[in-house]
Amino acid sequence: MPIKSIVFLLISATLLASCGAVKTSSFTSKGVDLKGYKSYAWIGPGDTTLNHYRDDKLYAGTIQQASDMELQKKGMVVDTHSPEAVFIFDTRLEDHVRYRQSASVSVGVGVGYPGYYGGPGYYAGGSVPIVEGEVTANYYKQGTLIIEMYDLKTHKLLWRGWGTKDLDHTTDMDYTIRKTIHDVFFYLPIKHKKTGS
């Protein structure tokens, strides 16, 4: 196989992989020191209007279990009686469409009119490239996972992290959720030393 073909295949594979990546980010409230928070709990359904529909989420168990693993890696502990912070999550699924044109360039005849398109850099009375091809619509869903951390006493938002990814019928949802949660909690600026064995 020619070198140019190999390079093209490698570039194409890299672009395809990057298109499917999870995009993550986070926000920390101004003036908040999250290192003072060591215990947490999840807000359960009915505890607050902020989280009243969590039971409806298809992957709620996976999200909470994967989040617990990431929080424990940071040295945080679950305390359902008197936690210092509470976490909630939300998921969103939106329909999107991406248009793609399979282009083929041919040469057509351009017509120049007096006073129009006759100057340098314009096609006038000569050959003009014309793009032809078929436009196709690619329908896909965009999934977003949002995790928020609140102070239990003040109800103040402390931190928010989120991840977004394009989804289709080939998406491994369990892997995608766990990878998104891992990447989102990377931004949580907490790291306690684990005590005990």
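Here is a short walk through the model, one selection at a time.

Before you click anything: this is a predicted model, where local features need pLDDT of at least 70 and side-chain atom pairs count only at pLDDT 80 or more, while totals for chains, interfaces and linings use all residues. Numbering starts from 1 along each chain as its sequence is written, and side-chain values use heavy atoms, with hydrogens and water left out.

**Whole chain.** Colour by secondary structure and you get three helices and six strands, in the order α-β-β-α-β-β-β-β-α from the N terminus. These are DSSP runs numbered from the N terminus: helices are H or I with at least four residues, strands are E with at least two. Of the 197 residues, 32% are buried (under 20% relative accessible area; exposed is over 50%, partly exposed in between, with a 1.4 Å probe and protein chains only).

**Strand β2, residues 39-42.** Select β2 and look at either face: S39 and A41 on one side and Y40 and W42 on the other are all buried.

**D68.** Jump to helix α2, residues 60-73, and pick D68. With a relative accessibility of 16%, D68 counts as buried. Its side chain makes a polar contact with the side chain of W42 at 2.9 Å (N or O atoms within 3.5 Å; within protein, one must be able to donate a hydrogen and the other to accept it, and residues adjacent in sequence count only if both atoms are side-chain atoms). Setting aside neighbours within four places in sequence, D68 is in contact with Y40, W42 and V78 (heavy atoms within 4.5 Å).

**The aromatics.** Stay on W42 and show the rings. Rings of Phe, Tyr and Trp (its six-membered ring) pair if their centres lie within 6.5 Å; planes under 30 degrees apart are stacked, over 60 edge-to-face, the rest tilted. There are six aromatic pairs by that rule. One of them is W42 with F87, tilted, at 5.8 Å centre to centre and 45 degrees between the planes. W42 sits in β2 and F87 in strand β4 (residues 85-109), so this pair ties together parts 45 residues apart in sequence. Both W42 and F87 are buried.

For another pair, go to F186 and Y187: edge-to-face, 5.7 Å centre to centre, 80 degrees between the planes. F186 is exposed at 66%, and Y187 is partly exposed at 36%.

**Last stop.** Select Y40, W42, F87, F89, W159 and F185 together: they form one aromatic cluster.
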